Amino acid sequence: MTGHVPPEATRRAVLTGICGAACMALASCGRAVVPGVAAPAPPPAAPRGAAPAGARPALAAVSDIPVGGGRIFPEYRVVVTRPPTGDLRAFTAICTHDGCALTRVADATIDCPCHGSRFAITDGSVVHGPAERALHPRTISVQRDSIVLEP
């Protein structure tokens, strides 16, 4: 009876090998999947020519932000505005109503395409709902002529 392997042992070895391989494949994915819990969104990809990791990104030149308007930087989820007073402001570019990405700055408002909410370029306050909360402020600085997003 030497050299004979019982059929149960062979099935067990095959199933053990398959389960082990499946576990290793899942572990190599890097994230656990929990039913009913949304996985966190990956951080936005750095734009081409972006600052190295850990460095504060320069968003644009001050002159790139029109007085009375603004510009959205979707890769950083931030909007920079320049009210008629000329000082620069920055806010999250995510609507406080339903989490949609803000897409337009026009007529002194920052506009959400999903449900029509509009926010003031001066302080991020709600100009038109359904949003009920102002945009969250972000910190920027001006270094030479560049607008830099602070952590």
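In this predicted model, confidence in the chain is lowest in helix α1 (residues 7-28), at a mean of 56, and highest in strand β7 (residues 118-120), at 95. The confidence score is pLDDT, the predictor's own estimate for each residue, from 0 to 100. Helices (H or I, at least four residues) and strands (E, at least two) are DSSP runs, numbered from the N terminus.

Residue numbers start from 1 along each chain as its sequence is written, and side-chain values rest on heavy atoms, with hydrogens and water left out. Local features need pLDDT of at least 70 and side-chain atom pairs count only at pLDDT 80 or more, while totals for chains, interfaces and linings use all residues.

**Confidence along the chain**

The chain averages a pLDDT of 77, and 64% of the residues score at least 70. Over residues 25-35, pLDDT stays under 50, and the model has 2 contacts there beyond four places in sequence. A contact means heavy atoms within 4.5 Å. Residues 37-53 also stay under 50, with 12 contacts beyond four places in sequence. Where pLDDT is low, the predicted coordinates should not be read in detail.

**Sheet and hairpin**

An open sheet is formed by 3 strands in the order β2-β3-β4, with antiparallel pairing. Its edge strands are β2 (69-73) and β4, each of which pairs on one side only. From one strand to the next, the twist averages 20°; axes are lines fitted to C-alpha atoms, for helices over the stretch in contact, and angles run from 0 to 180 degrees between N-to-C directions. Two strands count as paired if DSSP finds at least two bridges between them. Strand β2 is joined to strand β3 (residues 78-82) by 5 bridges, and the two run antiparallel. Isoleucine 72 has valine 79 as its bridge partner in β3.

Glutamine 143 has serine 146 in β10 as its bridge partner. The hairpin of β9 and β10 has 2 residues between the strands, and arginine 144 takes a positive phi near 60° in this hairpin.

**Accessibility and surroundings of selected residues**

Buried means under 20% relative accessible area, exposed over 50%, and partly exposed in between (1.4 Å probe, protein chains only).

| Residue | Relative accessible area | Class |
|---|---|---|
| Cysteine 95 | 4% | buried |
| Threonine 92 | 16% | buried |
| Aspartate 107 | 72% | exposed |
| Alanine 108 | 38% | partly exposed |

Threonine 92 is found in strand β4. Beyond four places in sequence, threonine 92 touches Arg77, Val78, Val79, Leu102, Leu135, His136 and Arg138. Cysteine 95 lies in the loop between β4 (89-92) and β5 (104-106). Not counting residues up to four places away in sequence, cysteine 95 touches Cys100, Leu102, Cys112, Ser117, Phe119, Ala131 and Leu135. Cysteine 95 and aspartate 111 are 16 residues apart in sequence, with a C-alpha to C-alpha separation of 8.6 Å.

Most residues other than glycine have a negative phi. Aspartate 107, which is not a glycine, has a positive phi of about 50°. Aspartate 107 lies in the loop between β5 and β6 (109-111). Alanine 108 lies in the loop between β5 and β6, and its phi is also positive, near 65°.
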